[in-house]
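This report goes through one protein model, strand by strand and sheet by sheet. The sequence and the coordinates come first.

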Amino acid sequence: MGLKAIRLYQEDAEKFSSVYVTRQQVMVVGEKTVGKTSLCRTLKAKEPELASRDDRTIVLEETVLQELEAGVELRFTDFGGQRLYKVLHPIFLRINALVLVLFNLELYETNCEHYFKSVGFWLRKIQAKTPGVTIIPVGTKGDTVTEEKAEAKAKHVFDHAKNYVKIYRKNLENRLEEERKKLRTLLQTDPSGTRSGSDLLANIKKGIERLERMQGSILNVQKPVIISSKEFHGVDELKKRILQVAETKSCALPENWYQFAKLIAERAKKDDAMYMPYAEAKELWDQATPSKKSAPTMLESIKVLLTSPMHGKFNEEDCEKFETVLTFLHRWGAILWYVSPRLKDYIFHNPKKLTNFFKAVFDHDMETTLAAKRRRRGFPEYTDVKFEEEMSWFKKKGLLTKKLLQGILAADFQGVDLDTMFSLLQHFDLCYEVRYMEQPTLYFPWFLFQRLPDDVQQLWPKTMEPGVLQLTVEFHFITVVPPSFFERIQVLTHSKGPYKQLPRRDWSEGFYMSLGDVKVFVERFQYHNDGVLQVSVRGKDLGKLWEELKTMVTTMQGLLDQCPGEACNIYYICPGCIRSQVDSARAKKEEWTWMCTTRPDDDVAVSGRLVAGATSVPSIPCYDNAPVDEMIPACLQYPEMYNEDMYELVREYLSSPQIKQESSGECTNQEAANDQGSSLDPSSHHHHHHYHHYHHQHHHYNTTYCTHNNINNCQYVQVGNGNIMERVPEYLSEPPSDVEHWDLDTDPR
């Protein structure tokens, strides 16, 4: 929040008395039917209170537990375990939260697959979005196994969790050392940045600063607790551990800040509104902060009206302090408030009402809900034919017209401005407004469950037509692509143009779209131990292809900036290698940042060779150790070099016959994945038909470190060649621009 926020806090702390407050947000996550709801109810009732199978959590539930004797308020948020609901976690997760990760001791098996599905997935998701939070793994249903087995399974979870943190920390150290080595080398060989570019030096320095800050933002995973909500075993121990964490988060609030929070809470109990307007919240703040100033003069009143940023009602100084308090209460978990222009005028103070809204929209069985409402004579303005048509849009494309959604919401959310709520959904990239068949429509990628459409292989064939070029970038993540990352890319790409006018196909693991002369193919899949998101563009104009690819990568890097703890490597695959189907051992690939900021010149080694001036010899080896007669235009490997003078060179290259390289005998990616116990989702198999994936070798200043750790027959591979992305929230800085609106820990937007 910055120094200004600290100064405003100190001013009110001196002016008003302080109140010592202990308020802890507890997030309860885990797979479905693991016992999350039963645990929350049992903690509140102080006796066993189990949830039935029919009473499972839909989206999320909030439980408030007042520990009066300890002076503590605990607020439990219990999330449903269905895949669809996992996209909502970042909205409610705060940096000061405690996260309980529940796993079922009855079903848990001591192997890597079970660990990752039950616990590891959640650790990675939380580390990516809110690094540094405290996590307590909780083994549930302890009454169904012997004490010895329960302890063994809990130890298995804890050992793997500690090892994940250890490897993450080591990878971070290795990446930091690599970046420092890069900086030293560049400063020695090119201190002015004349050849490599000043941007490269600046990016490396910025990355080092971020990595250094990241070292203090690693998950704090505590020893697991074994419980049985049915027999109340271990529940008191868990409660004790929660209170211990809460005590470390206690803080002294200025009296007026505390009173403002109380007034908001009382308002939420009295009215049924989901949010209150900015002006009404400001009135509550004024009520909690009695003014000791004399009445303003006429001249001062006119100045206030002229300088007011909020509809001529409040002056800049009042707004600054008020919004500082709103920001704090957001991070504290008392309200939701976002600085984006569409939402700044609304303070979401009623968590129960907001929860009900998310339940209605993110219904994992929306198709059944719509059909049932229709059978009860709902949507009277629709003919049967029209209703079935729009239902088919939803089932095949993830499109839900506003009219249908409003028909579902109208009865339960009277008086709520649904357009404001739709703006909230779009603010978090949970949906995107498009016009489809002239209907205002919301696109929800989370509702897409279909496999690869049949016609995609015709739209994106294995063999490219003569004169067609493909540029490809791969984002490699440790283990899996971050949850919801791919879906947000799907949403954001709809800004390219009217939905109906774009030839486009979406499915659960990818999408294809045609942007005039440029075709785009994006797919998510598993490769060995990596989760990969591959972005490819095809066409005949290198300039257009390069601009579109850069736009796509920039969009994805923007989302990575909002995942401060996520580890990612970005590589550009040599277009010549793709065209010639060079195998993975020899294919050339470059680190994206390096490729974008360097050019081959008299002194720069390109893939182990010195290349003469790029203007005199504009060709380079296509792959490592390629013969002289297998060269490609340098501008294909370094597209920033491309200009009109190179047009004929590129056209001549593309018109030449494709030379398919002989295989080196390596196993296929599918076989390699199977050898490691991984499986490729059938919906992702399409990538084997139209391009190769490469096991990346790292050039220039990249050094590879590998450490194999075996715990209970599970192998972990630590790779220190740059697996930690240079992403860290600016916790102590001023809020950044509204572009980075997803990073809840950087700014409460």
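Strand β17 (residues 518-527) is mostly covered, with eight of its ten residues buried. Buried stands for under 20% relative accessible area, exposed for over 50%, and partly exposed for what lies in between (1.4 Å probe, protein chains only). Helices (H or I, at least four residues) and strands (E, at least two) are DSSP runs, numbered from the N terminus. The model is a predicted one, in which local features need pLDDT of at least 70 and side-chain atom pairs count only at pLDDT 80 or more, while totals for chains, interfaces and linings use all residues. Residues are numbered from 1 along each chain as its sequence is written, and side-chain values use heavy atoms, with hydrogens and water left out.

**The seven-stranded sheet**

β17 belongs to an open sheet of seven strands in the order β15-β16-β17-β18-β14-β19-β20, with antiparallel pairing. β15 (504-507) and β20 (589-591) stand at the edges; each has a single partner strand, so one side of each is left without a neighbour in the sheet. From one strand to the next the twist averages 20°. Two strands count as paired if DSSP finds at least two bridges between them. In general, the strands of a sheet pair through backbone hydrogen bonds, either parallel or antiparallel.

| Strand pair | Sense | Bridges |
|---|---|---|
| β16 (residues 510-515) and β17 | antiparallel | six bridges |
| β17 and β18 | antiparallel | nine bridges |
| β14 (residues 469-478) and β19 (residues 568-573) | antiparallel | six bridges |

Gly 510 stands opposite Glu 523 in β17, Gln 526 has Gly 531 in β18 as its bridge partner, and Thr 472 stands opposite Ile 573 in β19. The hairpin of β16 and β17 has two residues between the strands, and Gly 516 takes a positive phi near 70° there. The hairpin of β17 and β18 also has two residues between the strands; in this one His 528 takes a positive phi near 55°.

Gln 534 lies in strand β18 (residues 530-539). Is this residue buried or exposed? Gln 534 is buried because its relative accessible area is 1%. Its side chain makes a polar contact of 2.5 Å with the side chain of Glu 474. A polar contact is a pair of N or O atoms within 3.5 Å; within protein, one must be able to donate a hydrogen and the other to accept it, and residues adjacent in sequence count only if both atoms are side-chain atoms.

**The three-stranded sheet**

Another open sheet has three strands in the order β11-β13-β12, with antiparallel pairing. Its edges are β11 (399-401) and β12 (432-436), each with a single partner strand. β12 pairs with strand β13 (residues 439-443) in the antiparallel sense over five bridges, and Tyr 436 stands opposite Gln 439 in β13. Helix α14 (residues 384-397) packs on this sheet and touches β11, β12 and β13 (contact: heavy atoms within 4.5 Å). The direction of α14 makes about 145° with that of β11. Axes are lines fitted to C-alpha atoms, for helices over the stretch in contact, and angles run from 0 to 180 degrees between N-to-C directions.

**Confidence**

The predictor's confidence in each residue is the pLDDT, from 0 to 100. The chain averages a pLDDT of 76, and 75% of the residues score at least 70. Over residues 301-312 pLDDT stays under 50.
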